[in-house]
Amino acid sequence: MLVGKNISKSFGELKVLQNINVEFQLGNIISIFGGSGAGKSTLLYILSTLDKPDSGKVEFNGNSLIELSGDNLSNFRNEKIGFVFQSHNLLNEFNVFENICMPAYVSKNKSIGVEKRARQLLSDLGIENKENNMPNQLSGGEKQRVAIARSLINSPDIVFADEPTGNLDDNNSKKFIKLIQNLNEKYNQTFIVVSHNKEFQKISSNSFELINGKIKSI
């Protein structure tokens, strides 16, 4: 379980998050909505350890994440968490297969099954014929599929996705959302998604909305 307790965050005089309390069960798809500047991404970054709150706690399976630092923090992110961003963040000097395997290659807990898993993910995501392509040879939808595969290579407990359909057209957005649903069903993979795209609500176990620094279930 991932728990946020009394999370608050301000930027100058702007109070973005005010005493946010959330509990997310593993194995579910969670969607968080809100207008521009509502604090969706800020909350996501805090829950995923990419940022720290001004006050409050974040716990994963009963263990506090706020105090993690250095190698302990890096190892937690690498082993327990996957990330998918709007801009893909693929490494242009590496091909698709190398991009997917990269988090496993840099992990201290290297697995001999990395390349086998990468090819399985390529197949699951329908891009098995793209493994030798460079990122600049892919469409936007294909790049996002590679980003998903990369986020899953270390079998993380949670994948955090920040506006993952923001750069996709309507058709590719629908395909992406269906992929998330399929991966959740096949691997029991937890996804926490922040987005403007309300289509995510259709596949989510729980959905929330941020308004004026507060969060409510929808």
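Me: Which residue lies over the face of Phe-33?
Reply: This is a predicted model, and the reply rests on its coordinates. The distance from the charged group to the ring centre is 5.3 Å. The cut-off for a charge over a ring is 6 Å. The residue over the face of Phe-33 is Lys-198.

Me: And how far from the ring centre of Tyr-187 is Arg-117?
Reply: Arg-117 lies over the face of Tyr-187. The limit of 6 Å applies here too. The distance from the ring centre is 5.4 Å.

Me: Is the pair of Phe-83 and Phe-85 stacked or edge-to-face?
Reply: The structure holds 5 aromatic pairs. In this one the ring centres are 5.8 Å apart and the planes are at 5°. Planes under 30 degrees apart count as stacked, over 60 as edge-to-face. So the pair of Phe-83 and Phe-85 is stacked.

Me: How many residues apart are Phe-83 and Phe-160?
Reply: Their ring centres are 6.3 Å apart with planes at 25°, so this pair is stacked. It links distant parts of the chain: Phe-83 belongs to strand E6 (residues 81-85), and Phe-160 to strand E7 (residues 158-162).

Me: Which residues do the ring pairs around Phe-83 link into a cluster?
Reply: Phe-83 pairs with Phe-85. Phe-83 also pairs with Phe-160. The cluster is made of Phe-83, Phe-85 and Phe-160.

Me: Is Phe-83 buried or exposed?
Reply: Its relative accessibility is 18%. The cut-off for buried is under 20%. Phe-160, by its own value of 1%, is buried. Phe-83 at 18% therefore counts as buried.

Me: Which element gives the most to the lining of the largest pocket?
Reply: The pocket has a volume of about 350 Å³. Its lining has 17 residues, and those nearest the centre are Asn-78, Ile-81, Phe-83, Pro-103 and Arg-150. Two or more lining residues come from each of helix H2 (70-80), E6, helix H3 (96-106) and helix H5 (140-152). The most, 4 residues, come from E6.

Me: How many cavities of 30 Å³ or more are there?
Reply: Rolling a probe the size of a water molecule over the atoms shows where empty space is left. The largest cavity holds about 40 Å³ of space. With the threshold at 30 Å³ or more, the count is 1.

Me: Which element gives the most to the lining of the largest cavity?
Reply: The lining consists of Gly-141, Gln-144, Arg-145, Leu-168, Asn-172, Lys-175, Phe-176 and Leu-179. Two elements give two or more residues each, H5 and H6. The most, 4 residues, come from H6.

Me: Why is strand E8 (residues 190-194) largely enclosed by the rest of the structure?
Reply: Look at both sides of the strand. Thr-190, Ile-192 and Val-194 point one way, while Phe-191 and Val-193 point the other way, and all are buried. E8 is largely enclosed because the number of its residues that are buried is 5 of the 5.

Me: How many bridges join E7 to E8?
Reply: Strand E3 (residues 29-33) is joined to E8 by 4 bridges and runs parallel to it. There, Ser-31 has Val-193 as its bridge partner. E7 and E8 also run parallel, with Val-159 bridged to Phe-191. The number of bridges from E7 to E8 is 5.

Me: Which strands are the edge strands of the open sheet with antiparallel pairing?
Reply: This sheet has 4 strands in the order E2-E1-E4-E5. Strand E1 (residues 2-11) pairs with strand E4 (residues 55-60) over 5 bridges, and Ser-8 stands opposite Ser-55. An edge strand pairs on one side only. The edge strands are E2 (14-24) and E5 (63-64).

Me: How far apart in space are Ala-149 and Val-16?
Reply: Ala-149 sits in helix H5 and is buried, at 0% relative accessible area. In sequence, Ala-149 and Val-16 are 133 residues apart. C-alpha to C-alpha, the distance in space is 32 Å.

Technical notes. Residues numbered from 1 in each chain as written. Predicted model: local features only at pLDDT ≥ 70, side-chain atom pairs only at ≥ 80, totals over all residues. Heavy atoms only, no water. Phe/Tyr/Trp six-rings, centres within 6.5 Å; stacked < 30°, edge-to-face > 60°. Buried < 20%, exposed > 50% of the residue type's maximum accessible area, 1.4 Å probe, protein only. Lys NZ or Arg CZ within 6 Å of the ring centre and 35° of its normal. Pairing = 2+ DSSP bridges. 1 Å grid on protein atoms, 1.4 Å probe; cavity = no way out; pocket = protein on both sides within 12 Å on 5 of 7 lines; lining within 4 Å. Points joined across faces, edges and corners; volume = space filled by probe spheres on them.
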